[in-house]
Amino acid sequence: ILEDLLQIELPRMIYTKPQILKPPRCDVLMMTPWFAPIVWEGTYNSEILNEQFQQRNDTVGLTVFAIKKYVVFLKTFLETAETYFMVGHRVNYYIFTDRPEEVPKVALKEGRNVVVLQVQNYPRWQEISMRRMEMLSYFSQQRFINEVSYLVCVDVDMKFNDQVGVEILSDLFGTLHPGFYTAERRSFTYERRPASQAYVPSDEGDFYYMGSIFGGTVKEVYKLTKKCHEAIMVDKANGIEAIWQEESHLNKYFLYHKPTKILSPEYMWDDNLGRPEILKKRRFLAVPKNHAAIRNK
Ligand code: 2GW
Ligand code: MN
């Protein structure tokens, strides 16, 4: 990837110069202590990023699971992704489902494809959520590695509401949970029982990341999902399940494998949390769901 970057030559471009004494945002943290950018509106220039990415002609994979009744979320998810996700770039949508015949036909722009991957269903919802790690690791090495450069792995009960583009891409990225980005470390809902593989001691932890959107290169996503799946299996053998299922394991992973980029809550928002001043865009939104109706089998 670095080699590819070195061969990119940008055309003449006109834009206002960066100002060393006038950072674009003073109200939010733009960089972690390990020098990973935190992506907020106003901190990057899409024109430059798009030009660089365009020259590489890479494809981005967007993975989503729609098991049982969750197929109802696919139409809005795909339609809004066509409007806002990686506009102008090549995209493969990978839809994991047990109901392939219920995947809606949505009109796709050029360079964009839907791939339906049939998978089994699990009776417990916790298992449906956690088994995503197993299936993502399996398909990463079987298929995704040959088809895309980056993977973006998301929940399906979501809609795109503004641009989500190549600014999110990096070797390994996670997203700040919208409910915890201002919270103290002690209030992060990490797994706190030492018996679980997802255990995080009370004096450690950088951020609380949300399980509903993460990604990176196929290689990094493979390593992450494989390790999380293995940890989930060890827990299972020990008769323990982490408090927030695979989200807990993801948080443990990111503590000891620092993400190279972090997405602000613009990339995972829930309107139940209001509209704070620092939030200039709401790019990816939770779709309200009737828990009783949608979640029963
Ligand atoms: C069924 C009953 C109860 C909960 C989930 C499900 C279910 C989930 C299902 O019947 N079919 C299905 O495809 N799913 C997939 O799992 C779907 O992709 C969904 O977006 C994902 C996570 O379930 P969800 O969205 O209902 O849970 P949230 O929105 O509370 O998710 C957070 O917590 C989860 C773990 O508890 C995950 O970490 C998730 O990434 C978080 O956003
Ligand atoms: Mn969800």
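In the predicted model, residue N92 has N113 of strand β4 as its bridge partner. Strand β3, which spans residues 90–97, pairs with β4 in the parallel sense, and seven bridges join the two. Both strands belong to an open sheet of eight strands with mixed pairing, arranged in the order β1-β9-β7-β8-β5-β2-β3-β4. The edges of this sheet are formed by β1 (38–39) and β4 (112–118), each of which pairs on one side only.

Two helices were examined in relation to the sheet. Helix α5 lies across β5 (150–154), β7 and β8, and runs at about 125° to β8. Helix α6 also packs on the sheet, where it touches β7 and β8; its direction makes about 130° with that of β7.

Helix α6 comprises residues 245–256 and is mostly covered, with 10 of its 12 residues buried. The buried positions are Q245, E246, E247, S248, H249, L250, N251, Y253, F254 and L255. These buried residues pack against helices α4 (125–147) and α5 (218–237), and against strands β7 (172–175) and β8 (213–217).

Residue D155 counts as buried because its relative accessibility is 18%, the cut-off for a buried residue being under 20% relative accessible area. Residue D157 is likewise buried, since its relative accessible area is 7%.

How values were computed. Residues numbered from 1 in each chain as written. Chains lettered and ligands numbered in written order. Predicted model: local features only at pLDDT ≥ 70, side-chain atom pairs only at ≥ 80, totals over all residues. Heavy atoms only, no water. Buried < 20%, exposed > 50% of the residue type's maximum accessible area, 1.4 Å probe, protein only. Helix = DSSP H or I, 4+ residues; strand = E, 2+ residues; numbered from the N terminus. Contact = heavy atoms within 4.5 Å. Pairing = 2+ DSSP bridges. Axes fitted to C-alpha atoms, helices over the stretch in contact; angles between N-to-C directions.
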